[in-house]
Every structure is written in structure tokens, then in C-alpha cells.
Amino acid sequence: MKSSIAVRFAPSPTGPLHIGGVRTALYNYLFAKQHQGRFILRIEDTDRTRYVPGAEEYIIEALRWVGIEFNEGVSIGGDYGPYRQSDRAKAGIYQQYADQLLQSGHAYYAFDTPEELDAMRVRLKAEGSSVQQYNYLTRGQMNNSLSLTQEEVQQRLDAGEPYVVRMRMPEDETISFQDIVREEVSFHTANLDDKILVKGDGMPTYHLANVVDDHLMEISHVIRAEEWISSTPLHVALYRAFGWEDSMPHFVHLPVLLKSFGKGKLSKRDSADGLIDDLAKKILKKIKKSHPDISQTDEARKQLGLNISHFVMRYRRDIQAARKELSDWPTDSPIGLATQTLLSETFFSDRGLNEKDKGRLATSVFPLNWLDPRTDRNSPGLREDGFQPDAVLNFLVLLGWHPGTEEEIMDMSKMIDSFGLDRVHKAGAKYEQDKLLWFNETYLRARDGQEILSLLQPHLQAAGITDKSDAYLLVMIELLRERVSMVQEFVSSGKYFFEAPSSYDPKVVKKRWKADSPLLLTALSEAFAGIDVWKKDPLHQAFQELLAEKEVGAGKIMAPLRLALTGVAGGPGVFEIAELIGKEETIKRLNAAISALSM
């Protein structure tokens with residue numbers, strides 16, 4: 001028997017897909033899969049003024065990356081297409097329904113100019129009205145087909161006078177609807193606009209297109225973000241006006257994703273993008289104060305944002321490379337000098353970033369990197385940051401829904417089996433980057449070595465590491481497995497597996513490198529040179545024998561040995577490291593450290 005369940009994810013291509021949108025898509029997908037229903041991807045691009053080239057392709061790629069598959073929609077087709085609203089508008093689908101509403105009296109023509117609309121709001125505000133809206137209380141005083149005669153309306157239409165089509169909301173009525181999460185929700189029409197249904201360019205607004213498409217595509221459940229609650233009374237009124245109330249879908253409004261620091265909804269400002277914007281504003285403010293004669297053109301502001309964005313993205317990937325880039329920063333202009341000074345103070349001074357900005361720097365609110373075609377700025381994405389898609393989904397599913405148990409680790413199969421709209425929360429959920437990181441390391445560490453190696457290869461190639469065998473890399477992976485959270489950390493944290501230290505942590509040198517360290521390491525180097533079977537156990541045995549011979553504690557030699565091999569404190573077992581890098585390289589590094597640190 002064919003399932004009656006049908007849901008849709010209907011983003012607008014106005015920019016990159018926000019991580020909250022990914023969660024909305026996930027909840028729709030899980031609900032459809034659990035009920036063997038249809039899951040549609042519909043692109044709602046009726047607002048052509050906000051359309052951004054590449055955004056639609058980004059949305060599709062992002063959903064595929066996380067593993068959310070749709071069985072109908074743009075790029076794959078289906079029985080209810082087309083699935084792009086601009087294509088549906090060209091086919092005349094919406095116009096016939098707008099005409100139906102006009103003929104039935106549920107909609108009307110409005111000829112008001114922007115100036116007339118502004119004057120209405122000013123007048124209502126001056127009168128002390130708490131609501132300054134175009135609705136049943138004000139529409140009789142405006143320039144529309146309800147206040148004009150039929151002849152006047154026809155004359156204006158025949159003359160090609162600009163107009164919009166507005167919904168005629170009921171007068172003095174409470175519109176109620178059932179929300180699966182929030183139960184009964186009610187709005188009084190005195191507080192609701194007569195929303196525009198057809199714009200001046202002839203394109204339908206989201207409201208008309210959304211209701212018509214949901215009806216024609218036989219959508220059973222509208223699962224969407226909480227921000228659409230206030231629009232739902234209009235949608236309910238449209239269903240009633242069309243005579244579709246009996247087939248109206250069930251509404252489910254999801255809780256908002258909240259920022260980690262402070263209160264409010266998670267936005268782009270709570271990520272590295274927000275930090276970049278704030279830094280640019282600070283620099284421009286300084287320039288305006290010290291050099292008021294410098295013109296701050298839109299192009300100059302755009303270039304400044306681009307420069308800071310480039311630096312921050314570099315800093316997130318490689319702090320030392322960012323430090324070098326900043327030292328070479330062009331300072332032959334006031335803006336260049338101010339930028340270098342502020343970035344140095346922000347990222348490399350003793351004060352450094354505060355906790356909030358550290359959090360913003362590490363946070364990505366987009367699934368993939370986004371190169372904005374309007375500004376050429378790069379916004380960081382979870383994929384490029386090294387997050388695993390299954391970890392991202394596991395993290396997201398628990399932001400607004402609870403499985404009813406204390407279980408946290410859930411693969412897609414488990415999510416589908418467990419998911420239910422009855423356990424979706426009303427309250428918002430904090431988007432905590434640290435928790436996402438925990439999910440990522442849990443999933444990464446659970447993968448087999450060969451799978452991790454496959455994930456690691458692009459990072460090795462980017463770092464120019466091409467001379468290590470798979471066997472070597474698989475051993476390295478096992479040594480570092482429990483010490484990394486992101487796949488790229490196998491390269492950054494395990495740098496000493498690929499090259500000898502070029503420097504030594506000064507804090508470790510000061511604390512652990514003593515006057516007798518060169519003599520002790522020289523003796524150890526000689527002992528290691530005599531080992532024929534280069535394995536960790538013989539290495540450890542030679543180390544123990546040297547301790548007994550020199551009558552010293554393990555720390556006297558162990559810390560300088562680790563420093564010589566890795567340049568840092570901490571890491572996997574030092575004898576495992578020595579075994580992997582080999583006899584020749586181990587002795588070479590011991591001698592290099594003795595030479596460098598004895599000066």
C-alpha cells in the first residue's frame with residue numbers, strides 16, 4: 001500500500017544553506033523514511049531580487065554530503081514537477097490560483113505606491129496605533145480594489161498601472177491551527193497583514209506558491225523552522241479560501257538553534273564570518289578617527305573584508321603560516337597598517353582572543369565552504385573543517401529532539417527507527433561546537449585504519465607528503481587515533497612522523513632540558529646504535545639498562561628523548577614513535593637535538 005506521508009524541504013537559493021536548514025532537512029528525511037513516504041526537494045526561488053548564483057547547487061551538494069537523499073525534486077525530477085518555483089511560475093501554475101482568489105473575493109488588487117504605504121505607517125504611529133499594518137482595519141483607506149469602483153480598477157489595469165495582489169484576511173477573527181509540537185496556536189486577524197500574494201513583477205510570493213505547491217504535491221506534513229509560525233495563519237486562510245481545508249497538511253514548527261555564547265538565535269554573526277565583520281568595522285572606525293580624509297568606498301570596504309577573511313581562514317588552518325603572512329602584510333597605506341596592527345593585537349598578543357571570539361573563530365554555521373559571488377569572500381564549512389557527515393547528522397538530530405533514552409551515538413539507521421515528531425522539543429537548543437567536536441572524534445576514532453587513511457589522503461597531498469607508504473601511515477594512524485578529533489590533526493599533531501623537528505618547544509626545553517641531558521642522550525644514541533632488531537621492546541630494554549647504568553630516574557632521559565624526536569611534549573609512546581620512524585632517523589634526531597640544544 002502506498003504511504004500517504006509526503007514531506008518537502010523547500011529552501012530559497014539566496015545564499016549558502018545554514019546548518020539549521022540542514023537540521024530541518026534531516027527531520028523531514030527521517031520522518032519520510034520511517035513511514036516509507038516521499039521526500040521532496042523543492043527550490044523556492046520566487047524572490048528573484050535575492051537570488052544568488054550557485055546557491056541552488058550548493059544546497060544540493062550539501063545535502064548529498066551529509067547523506068540526506070531525496071526521492072523527488074530538482075535535479076532528479078518526479079511526478080509532481082517542475083520542482084523549481086520559477087519554472088512553475090513560467091508554466092502559469094500560480095496565476096490561475098491567484099485569479100481564483102480574486103474572483104472569489106479572497107484577494108484584491110492594491111495600487112498603493114511606496115510613498116503611500118510609508119504615509120500610512122506614519123499616520124498610524126502618530127495616532128498611537130499599536131499595529132501599523134495593511135489589514136482589514138486600514139485597507140478601506142488605501143488605494144485598492146476594495147476602496148475603488150470596478151470601473152476605476154479596470155481603468156488602472158488597462159492603463160498598465162503597477163499593482164500587487166493582496167490576501168483579503170477575514171475581519172475580526174481568530175485563526176487557530178494545530179501544531180504537532182506546540183498544540184493549538186492562535187492569531188487574531190487584527191494583528192495580521194493582508195500579505196502580498198503576487199508581486200509587482202507578476203511573480204508569486206512565498207506564501208501563495210508554498211500553499212499551492214504543498215497542495216498539488218500532496219504534502220501531508222509541513223516540517224519547518226519556528227520562524228514560519230507567524231505566517232501559518234495566512235497559509236491556513238489560503239487553504240480555507242481554496243476549499244482545501246480537509247486536505248491541509250499537519251504543521252510542525254521546529255525549535256530554533258541557539259548561539260553558544262549569550263542569548264538568541266544562531267546566526268552567521270556567531271561564526272568566523274561574524275568575527276571577520278567585527279574586525280573590519282573596528283579597522284574602519286580607527287581609520288575614520290585618525291584619517292577622516294580617507295574615502296571609505298563600498299569597494300574599499302569590500303576589499304578590507306576580503307583581506308581579513310583570507311587571513312582568518314589561513315589562521316584557522318595554519319597559525320604559523322598566518323603569523324608569517326601578517327609579518328609580510330603591506331603597511332604602506334593607513335588601512336594596511338591599521339589592519340596589520342589590529343590583527344596582531346587580536347590574534348598574537350598576550351591578551352589574544354576572548355572566549356566568545358575563540359568560539360566564533362572555531363564555529364562554522366554552513367555545511368560546506370561558501371565562496372560568495374557578490375563579495376568573493378570565503379565562509380568556512382564543516383566539511384572543509386574536517387567534520388565527518390555522520391557525526392554532523394548525529395549532533396544535529398539531538399538539537400531539538402530526544403530519543404527517549406540516554407543514548408547519544410546513533411547512525412542513520414538508528415535515527416530512522418527512533419525518530420518521532422512527538423519528541424520534538426519546543427525550547428531552543430544550543431549549537432555547541434565542543435559537543436560537535438566530541439561527536440566527530442567519536443565517529444573518527446571508531447573508523448578502521450583503512451577508512452581513516454582514505455579520508456587522510458587529501459590532507460597529506462595538501463601538505464606535500466607523498467613519500468610515506470600505506471603501511472607506515474596505518475601504523476601512525478593507530479598511534480594517534482585516540483589523540484585526534486579531526487582527520488587533519490593526523491598531519492598537524494603528528495608532524496614529527498613526516499619530518500624531523502625544526503625547532504623545540506621552549507617551555508619544554510626550559511623545564512626538561514638539563515645540563516646533563518646532552519651526555520645522557522649521547523649515551524642513549526650509542527645504545528640504540530647497537531640494537532639489531534629495531535622494535536619498541538628492545539628499545540625500551542636498552543633505555544631501562546641505561547637508567548640502571550647511570551642511576552637516574554626515567555624522567556631524566558625520557559623527556560629529552562621525546563623532545564629530540566618530536567620537538568614537543570606529549571604524544572604516543574616514544575618507543576613506538578622511534579620504531580616507526582626507523583633507526584637511522586631516530587639516531588639522526590637525537591644527535592641533531594644534542595647539537596642544537598647544547599649551544
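Biologist: Which residues of H17 are buried?

Modeller: A residue is buried at under 20% relative accessible area, exposed at over 50%, and partly exposed in between (1.4 Å probe, protein chains only). The buried residues of H17 are Gln433, Leu436, Phe439, Asn440, Glu441, Tyr443 and Leu444. This is a predicted model, in which local features need pLDDT of at least 70 and side-chain atom pairs count only at pLDDT 80 or more, while totals for chains, interfaces and linings use all residues. Residues are numbered from 1 along each chain as its sequence is written, and side-chain values use heavy atoms, with hydrogens and water left out.

Biologist: Which helices do the buried residues of H17 pack against?

Modeller: Contact means heavy atoms within 4.5 Å, and helices are DSSP runs (H or I, at least four residues) numbered from the N terminus. The partners of these buried residues are H13 (355-362), H14 (382-385), H15 (389-397), H18 (449-462) and H20 (489-492).

Biologist: Is Pro114 buried or exposed?

Modeller: Pro114 lies in helix H5 (residues 114-126), and its relative accessibility of 55% makes it exposed.

Biologist: At what angle do H23 and H24 pack?

Modeller: Axes are lines fitted to C-alpha atoms, for helices over the stretch in contact, and angles run from 0 to 180 degrees between N-to-C directions. H23 (residues 536-550) and H24 (residues 554-566) pack at about 135°, their axes 9 Å apart. H23 is therefore oblique to H24; angles under 35 degrees count as roughly parallel, over 145 as roughly antiparallel, 65 to 115 as roughly perpendicular and the rest as oblique.

Biologist: Which residues meet there?

Modeller: Phe543, Leu546 and Leu547 in H23 meet Ala554, Ile557 and Met558 in H24.

Terms used: Helix = DSSP H or I, 4+ residues; strand = E, 2+ residues; numbered from the N terminus.
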